[in-house]
Amino acid sequence: MSDSITQVGTEMRSYYGRPILKEPVWQPEIPFYFFTGGIAGGCSVLHGLARVARHERLAKTALYVGAAADAVSPLLLISDLGRPERFLKMLRVFKVTSPMSVGSWILFVSGGASNTAAALELLGILRPVKWLAEAASFVTGPPLTTYTGTLLADTAIPVWHEARHDLPWLFVASASATAGAATALFLRPDEAGPARRLAVAGAVGELACMELMQHRLGFIGEVYKKEPAGTLARVSKACTVAGAGLLALRGKHSRAALVGGSALLLAGGLALRWSVFRAGFQSAKDPRYTVIPQRERLDAKNRRSAT
């Protein structure tokens, strides 16, 4: 049966040797976009909380770091799209059932608000407008950290779609770690306490979410243990563990440990985004990851019907 799905030993073939699914069309800019978007969203929340707690130095630093990440994110997305007008066309409508449409508007509002707030903070003018921009940035921060995970899960790529309940939480945890780390890079140890604690808590959450996601994926999760996705996942885990440990044990008293731990967490967060990105390509290539879950769902449906 060369024109249908067959299994020979452990090898599964389909459609004259062609994959059932096409690989994602996204370019390498996308994992970097996921990374900067997470930092931007996390910094928006950190800035708002620091402002309420009257940690002025921390609040300003988080605002500027988040604004910089918010400024880079659209450039990466536009580079992937190929032409700037394609991004503008996505803003013509707001479709609540489309993660791409909702995400485009979140990015647009968050980026505009955080950069407006940062510019007004730097110039020291129009304080009421700055407060409104800060509020808008704070509100759109959490959705900015999660929507990229939802966007991946809304595709037919097996390792992404099957992790639809875990990817948003994984990206939130990683965004917390990288936002805290990116902010702490520019602070003294005595000023960086809340950012450092956020980074460590986010790192712990990231590691836990990654383990839970791989466990729930079952055999599909093996893509995170082999080929490029596996290598990147191991690099991410090593950097995250080392960075969190350094921040927790020495970051409170040592500027070198604060910078080193933050840099390691940022490297781990970037490697995580790349691991998830490459895992999608790997799972699309192998028909097993598409066919076996479909058969399992069909068998479960038949058993329920029989009862």
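Axes are lines fitted to C-alpha atoms, for helices over the stretch in contact, and the angles between N-to-C directions run from 0 to 180 degrees. Helices are DSSP runs of H or I with at least four residues, strands are runs of E with at least two, and both are numbered from the N terminus. The structure is a predicted model, in which local features need pLDDT of at least 70 and side-chain atom pairs count only at pLDDT 80 or more, while totals for chains, interfaces and linings use all residues. Residues are numbered from 1 along each chain as its sequence is written, and side-chain values use heavy atoms, with hydrogens and water left out.

Helix 1 (residues 29-52) and helix 5 (residues 127-153) have axes that come within 8 Å and cross at roughly 140°. This crossing of helix 1 and helix 5 is left-handed, a term used if the near helix is turned anticlockwise from the far one by less than a right angle, with right-handed for clockwise. The residues of the contact between helix 1 and helix 5 divide into 10 nonpolar, 11 polar and 3 charged; here Ala, Val, Leu, Ile, Met, Phe, Trp, Tyr, Cys and Pro count as nonpolar, Asp, Glu, Lys and Arg as charged, and the others, Gly among them, as polar. Helix 5 also packs with helix 4 (residues 99-123), at an angle of about 145° and with the axes 7 Å apart. The crossing of helix 4 and helix 5 is likewise left-handed, and their contact comprises, by class, 15 nonpolar, 7 polar and 3 charged residues.

For helix 7 (residues 167-184) and helix 8 (residues 193-217), the axes come within 7 Å and cross at roughly 155°. Helix 7 and helix 8 are therefore roughly antiparallel to each other, where angles over 145 degrees count as roughly antiparallel, under 35 as roughly parallel, 65 to 115 as roughly perpendicular and the rest as oblique. Helix 7 passes helix 8 in a left-handed crossing. Contact is taken as heavy atoms within 4.5 Å, and on the helix 7 side the residues that meet helix 8 include Leu167, Trp169, Leu170, Ala173 and Gly180, while those of helix 8 include Ala195, Leu198, Gly202, Cys209 and Met213. The residues of this contact of helix 7 with helix 8 divide into 14 nonpolar, 6 polar and 1 charged.

Leucine 167, placed in helix 7, is buried with a relative accessible area of 0%; buried means under 20% relative accessible area, exposed over 50%, and partly exposed in between, with a 1.4 Å probe and protein chains only. Leaving aside neighbours within four places in sequence, leucine 167 is in contact with Gly149, Leu152, Ala153, Trp160, Met213 and Val276. Leucine 167 and leucine 152 are 15 residues apart in sequence, and their C-alpha atoms are 8.0 Å apart in space. In the loop between helix 7 and helix 8 lies glutamate 191, which, with neighbours within four places in sequence left aside, is in contact with Arg57 and Leu58. The C-alpha atoms of glutamate 191 and glutamate 56 are separated by 9.6 Å, although these residues are 135 apart along the chain.

Two residues of helix 10 (residues 255-285) were also examined. Glycine 268 lies in helix 10 and is buried, with a relative accessible area of 0%; beyond four places in sequence, glycine 268 is in contact with Glu206, Ser236, Cys239 and Thr240. Serine 262, also in helix 10, is buried at a relative accessible area of 0%, and touches Ala181, Ala184, Leu185 and Leu247 when residues up to four places away in sequence are not counted.

A search of the whole structure finds 0 disulfides, a disulfide being a pair of cysteine sulfur atoms within 2.5 Å. The sulfur of cysteine 43 is 19 Å from the closest cysteine sulfur, in cysteine 209, which is too far for a bond, and cysteine 43 counts as buried at 1% relative accessibility. Cysteine 239 is likewise in no disulfide, the nearest cysteine sulfur, that of cysteine 209, being 19 Å away; at 16% relative accessibility, cysteine 239 counts as buried.

Most residues other than glycine have a negative phi. Arginine 54, although not a glycine, has a positive phi of about 65°; arginine 54 lies in the loop between helix 1 and helix 2 (56-81) and counts as exposed at 69% relative accessibility. Glutamate 227, in helix 9 (residues 227-250), has a positive phi of about 55° and is not a glycine either.
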